[in-house]
Amino acid sequence: MTRTLYRGGRIFTADADPARQWTDAIAVDDETIAAVGADALSADVDAVVELDGALVLPGFTDAHTHLLMMGAALGQVALTEARSLEAIQDLLREARAAEPDALVLRGRGWLFDSIPGGAPTAAMIDAVVSDIPVYLDANDYHSCWVNSAALAELGLTRDTPDPLGGEIGRDATGEPNGMLYETAAVQYSWNQRDATTTDEDRDAAVDRVFDAYVRAGVVGAVDMAFSEHGLAALERAVERHGGSLPIRVAAHWLVENTGDRAQNLAQLDRVVELAGRASSPWLRVVGIKLILDGTIDACTAAMGAPYADGSHAGPIWPLDDLAPVVEAADAAGLQIAMHAIGDAASDAALTAIERAIAVNGDIARRHRLEHLEYAAPGTAERMARLGVTASMQPVHADPAIFANWAAMLGDDRVDRAFPWPEYEEAGTLLAFSTDAPTAPYDALANMYVAVTRASALDASVPAVHPQYALPLANAIAHATRDAAASVGDGRTRGRLAPGFAADFAVFDADPFTEGAASLLRTRAVRTVVAGRVVFSAEGVAAR
């Protein structure tokens, strides 16, 4: 056993007791924290790291992310900051010129309010790139915008029916117009992507994700759309890394609504098999993911009342389809994570959980609702009673992307957008994450939005709903301690305390003393996972 002492820092422990939230030293025995504070300083050690007053935080767990998609996105054309059609077209033109031998062009992150009328068409892309297929995932990854070459590659025509829970956008004559919404994006664009992506491509994507995360002080991730491709890629990564990974990965297997109860339930068999494997601290399947609705920006989230334009989207998982899957997964001991952005979706999710509890009785469970961008009053209290985690993403509330969200609702529902204090006050476990690549993966930028309700993307945009901002200590606890607890790890990691995993990060500035604005310029200089230094900035070393 080797004991390493980290001393002389401002160490935030993320303890629930404010009296124990700060210390100045931690002692690490191999993979585990052995002691903190005076106990750490009084023990014999093998090595010492002088922190010189630096801030140390428990490592962040990105409690809702998409690893392969994020890794792929890091290599695609970034379109979020292009706030006009012309700007998007310029980026696509430049990308095509930069890779003249490319057979496909992929981009991500465009916003609906950057397009005239919020209505993208294939012709808009054709005007700058028409010789190869172009696939552009929207910022929320619930829609895909393609050009005419991509429509042809996918074989989409006026006679192609809309899939269950999705829509192929069409022009006035009924021809596909270049937009694929919800399950249409999954079944056509994403399936085509998966079929043409090589294992080498996926391995490169995984390596990009690991590198990006450890540089951001992230020590764990919860993948929310796991599949055979992701499983194989992560298993290869474990082999490359000698039986471990740079970060800890828990995964929820994506279960799709086929419209057939037997087929829906049959999808659980593979998840039960994977979840029953010997537990690993590096890669494990913990449950299932169900996408109940779409997004408010695209008017596809299931709401209790119509959108401003009069539309009223239905759920992807109607309750009659949802309840049997939730009951079976609950009985099998799987954690259920349900994407529920609109209030009708969260109501259906909680109703399905209540029915499962009535049938399956008092068994250990910790289910989750993802996003909760608009939820009806009383939802937080209902979740607290049921022991359901609120998994939310501060970066989705960034004011720079909020205007379209608000316009789609157009009424007083806008005043209840992302009300995080409600969940705290109700006693609901609140886990923060980024949902990368639908938003930037940077952990501290995420914290900036959480504690200011201002924009991490555009400083010129004023804050929205500052009454919902949180204290910095609370926000970091939700992204470390509570994020770890959201996948059942609350007693083993997420805090800096004796017996907990030695997962933490050292930063080059201290937003607690320098103010929230410093979150946007603070960087990790060392990230430690299971006692191993997985990232160290140049010039930073143990002394």
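This is a predicted model: local features need pLDDT of at least 70, side-chain atom pairs count only at pLDDT 80 or more; totals for chains, interfaces and linings use all residues.
Me: What makes His465 count as buried?

Reply: The relative accessibility of His465 is 12%. The cut-off is under 20%, and therefore His465 counts as buried. This residue is found in the loop between α15 (443–452) and α16.

Me: Which residues does His465 touch, leaving aside those up to four places away in sequence?

Reply: His465 touches Phe402, Val414, Asp415, Ala417 and Arg453. A further relation concerns Pro399: Pro399 and His465 are 66 residues apart in sequence, and their C-alpha atoms are 9.2 Å apart in space.

Me: Why is the pair of Phe226 and Trp253 called edge-to-face?

Reply: Two values have to be set against the rule. The ring centres of Phe226 and Trp253 are 6.0 Å apart, and a pair requires centres within 6.5 Å. The planes stand at 80 degrees to each other, and an angle over 60 counts as edge-to-face. The pair of Phe226 and Trp253 is therefore edge-to-face. By this rule the count of aromatic pairs comes to 11. One aromatic cluster is formed by Phe12, Trp22 and Phe512.

Me: What parts does the pair of Phe226 and Trp253 tie together?

Reply: Phe226 belongs to strand β13 and Trp253 to strand β14, so the pair ties together parts that are 27 residues apart in sequence.

Me: How do we know whether Phe226 and Trp253 count as buried or exposed?

Reply: Phe226 has 2% relative accessibility and Trp253 has 8%. Buried means under 20%, so Phe226 counts as buried, and so does Trp253.

Me: Which members of the largest nonpolar core touch the most other members?

Reply: They are Ile288, Leu290, Met338 and Phe432, in a core of 106 residues. Another core lies apart from it and has 23 residues, among them Val77, Leu85, Val134 and Ala138.

Me: What does Phe432 touch, not counting residues up to four places away in sequence?

Reply: The contacts of Phe432 include Thr61, Met392, Trp420 and Leu470.

Me: How much space lies in the largest pocket, and which element gives the largest share of its lining?

Reply: The largest pocket holds about 1100 Å³ of space. Of its 43 lining residues, Ala72, Gln76, Arg106, Arg193 and Thr197 are the closest to its centre. The largest share of the lining, 7 residues, comes from α6. By class, this lining has 21 nonpolar, 10 polar and 12 charged residues.

Me: What is known of the second largest pocket, and which residues are closest to its centre?

Reply: The second largest pocket has about 670 Å³ of space. Asp140, Tyr141, His142, Thr295 and His339 are the closest to its centre, out of 43 lining residues. Helix α6 gives the most to this lining, with 4 residues. The classes divide into 19 nonpolar, 15 polar and 9 charged.

Note on methods
Residues are numbered from 1 along each chain as its sequence is written. Side-chain values use heavy atoms; hydrogens and water are left out. A nonpolar core is a set of buried Ala, Val, Leu, Ile, Met, Phe, Trp, Tyr and Cys residues joined through side-chain atoms within 4.5 Å. Buried means under 20% relative accessible area, exposed over 50%, partly exposed in between (1.4 Å probe, protein chains only). Contact means heavy atoms within 4.5 Å. On a 1 Å grid over the protein atoms alone, a cavity is a set of points where a 1.4 Å probe fits but cannot get out, and a pocket is an open set with protein on both sides within 12 Å along at least five of seven lines; lining residues have an atom within 4 Å of a point. Grid points are joined across faces, edges and corners, and a volume is the space filled by probe spheres set on the points. Helices (H or I, at least four residues) and strands (E, at least two) are DSSP runs, numbered from the N terminus. Ala, Val, Leu, Ile, Met, Phe, Trp, Tyr, Cys and Pro count as nonpolar, Asp, Glu, Lys and Arg as charged, and the others, Gly among them, as polar. Rings of Phe, Tyr and Trp (its six-membered ring) pair if their centres lie within 6.5 Å; planes under 30 degrees apart count as stacked, over 60 as edge-to-face and the rest as tilted.
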